[in-house]
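New notebook page. I want to look up aromatic rings and surface patches here.

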Amino acid sequence: MSFKIIVDSCCDLTPAMLRSGCFVSVPLTIRVGDTVVTDDASFDQAALLWRMKESEKAPSSACPSPAQYLDAMECGADDIYVVTLSALLSGSHNSAAQARAMYLEEHPDARVHIFNSCSASSGEVLTALKIQELASSGKDFETVVSRTSRYINEMQTLFVLENLDNLRKNGRLTRLQSIVTDTLKIKLLMGSTPEGEICKRGQALSMKQALGKMISMMASDEKHAGRTLCITHCNCLERAFYLKEQALKSCRFHDVIICETGGISTVYANDGGIVAAY
């Protein structure tokens with residue numbers, strides 16, 4: 001059976017992963033001031049970082065339309081899997097679900113499943129790779145869906161941001177958190193709830209300390225053993241390699257992969273941000 005994995009562009013797959021032919025990326029769009037950026041192969045990270053820094057207003061994003069997802073589903077594959085960023089953070093999941101309903105009207109026997117990653121960036125990457133692993137090994141549609149759904153439920157996402165400007169501008173930090181982090185230059189260790197909302201997991205006085213806390217949290221979680229760690233960085237490859245080195249020393253991950261933020265992840269991670277999922 002042929003299969004295709006459709007992801008939204010918050011899934012920060014590497015160029016090599018995208019060249020495998022298994023994946024189709026459906027872009028979100030970003031607005032910074034009067035400029036609209038499409039989060040596709042034309043994305044220029046340096047230009048977006050500069051525009052965000054210069055803008056007094058928060059950047060905004062728009063999810064793909066159902067029509068864009070519908071176009072991606074017209075790929076001729078027997079089994080179609082879709083991975084979206086957390087349904088609590090974006091309308092991308094809802095658009096994909098609408099597209100699925102329309103697609104099934106014309107193809108009533110088609111097999112299409114929409115996965116809410118309850119995460120973003122690194123978490124979406126791991127979800128997409130899990131689907132690829134299962135489907136490539138010949139697992140049937142129902143097995144791929146059930147095992148991937150269990151994988152999502154067990155997945156953990158953590159992130160540390162160097163720059164909190166965009167979270168602050170978008171109202172994703174409370175007023176008290178904004179005052180404290182501004183005054184004391186505190187680095188917040190953040191994560192996602194099982195439902196896919198952003199939550200605070202800790203804090204530190206420096207990025208290095210925050211990454212150390214992240215590693216300690218991973219090492220104390222027995223479920224990390226044998227899993228893959230995905231580290232996604234925003235313009236800080238050296239920091240990503242440092243985290244990988246420390247993870248390999250302290251944890252029992254089967255593998256560690258490093259990705260770079262695309263447009264949507266760049267908006268929220270901002271310059272120097274690190275997102276990790278396992």
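How many aromatic pairs are there by the ring rule? I pair rings of Phe, Tyr and Trp (its six-membered ring) if their centres lie within 6.5 Å; planes under 30 degrees apart are stacked, over 60 edge-to-face, and the rest tilted. By this rule I get three aromatic pairs. Tyrosine 81 and phenylalanine 141 are stacked, because their ring centres are 5.2 Å apart and their planes at 20°. This pair links distant parts of the chain, with tyrosine 81 in strand β6 and phenylalanine 141 in helix α6 (residues 141-154), 60 residues apart. I find both tyrosine 81 and phenylalanine 141 buried (under 20% relative accessible area; exposed is over 50%, partly exposed in between; 1.4 Å probe, protein chains only). Phenylalanine 253 and tyrosine 278 make an edge-to-face pair, at 5.5 Å centre to centre and 65° between the planes. Both phenylalanine 253 and tyrosine 278 are buried. I also note one aromatic cluster of Tyr81, Phe115 and Phe141.

A note on the source: this is a predicted model, where local features need pLDDT of at least 70 and side-chain atom pairs count only at pLDDT 80 or more, while totals for chains, interfaces and linings use all residues. Residues are numbered from 1 along each chain as its sequence is written, and side-chain values use heavy atoms, leaving out hydrogens and water.

Next, two places near the surface topic. I looked up glutamate 105 in helix α4 (residues 92-106), and at 64% relative accessibility it counts as exposed. Leucine 89 sits in the loop between β6 (79-84) and α4; leucine 89 is partly exposed, with a relative accessible area of 30%.

Notes:
Helix = DSSP H or I, 4+ residues; strand = E, 2+ residues; numbered from the N terminus.
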